[in-house]
Amino acid sequence: MLLKDFYTIKALENTADSKYSAQIRINEKHEIFKGHFPGNPTMPGVCMMQIIKELTEQITGNTLFMESLTNVKFTALINPFVNPELLLELDVITTEDNLVKVKNVSYFDETIALKLSCVYRKV
């Protein structure tokens, strides 16, 4: 985990073929929220991308390097004090040329907070 104590994985399960579901809890007391932003804590988008990468590494059992990122849509702000619990749905496909393609939708409650597609290379 790149950011120590930033989040905890409550559940990570394979729901069907290449589909996975992860429940995580954000540590609202983490130092990062004092600066992002003071008085208005908001989950940094880059941290969401890192969480998705780390979950995908856990799923595939490989260290990954991000090659490309497309269709990134932040649709709602994540305030860790209001919505510390997130659900991430991941569709993870490994190709024959050592690439891992991921489609993600991240939610809090019924609200979609993030959608993205990413390609990682196995390191």
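Biologist: How many disulfides does the count come to?

Modeller: This is a predicted model, where local features need pLDDT of at least 70, side-chain atom pairs count only at pLDDT 80 or more, and totals for chains, interfaces and linings use all residues. A disulfide is a pair of cysteine sulfur atoms within 2.5 Å. The sulfur of Cys47 has its closest cysteine sulfur in Cys118, 15 Å away, which is too far for a bond. By this rule the count is zero.

Biologist: Is Cys118 buried or exposed?

Modeller: Buried means under 20% relative accessible area, exposed over 50%, and partly exposed in between, with a 1.4 Å probe and protein chains only. The relative accessibility of Cys118 is 2%, so Cys118 counts as buried.

Biologist: Which side chain does the side chain of Asn104 make a polar contact with?

Modeller: Residues are numbered from 1 along each chain as its sequence is written, and side-chain values use heavy atoms, with hydrogens and water left out. A polar contact is a pair of N or O atoms within 3.5 Å; within protein, one must be able to donate a hydrogen and the other to accept it, and residues adjacent in sequence count only if both atoms are side-chain atoms. For the side chain of Asn104, the partner at 2.9 Å is the side chain of Ser106.

Biologist: Is Asn104 buried or exposed?

Modeller: Asn104 has a relative accessibility of 2%. Because of that value, Asn104 counts as buried.

Biologist: How far apart in space are Asn40 and Leu3, C-alpha to C-alpha?

Modeller: In sequence, Asn40 and Leu3 are 37 residues apart. In space, their C-alpha to C-alpha distance is 20 Å.
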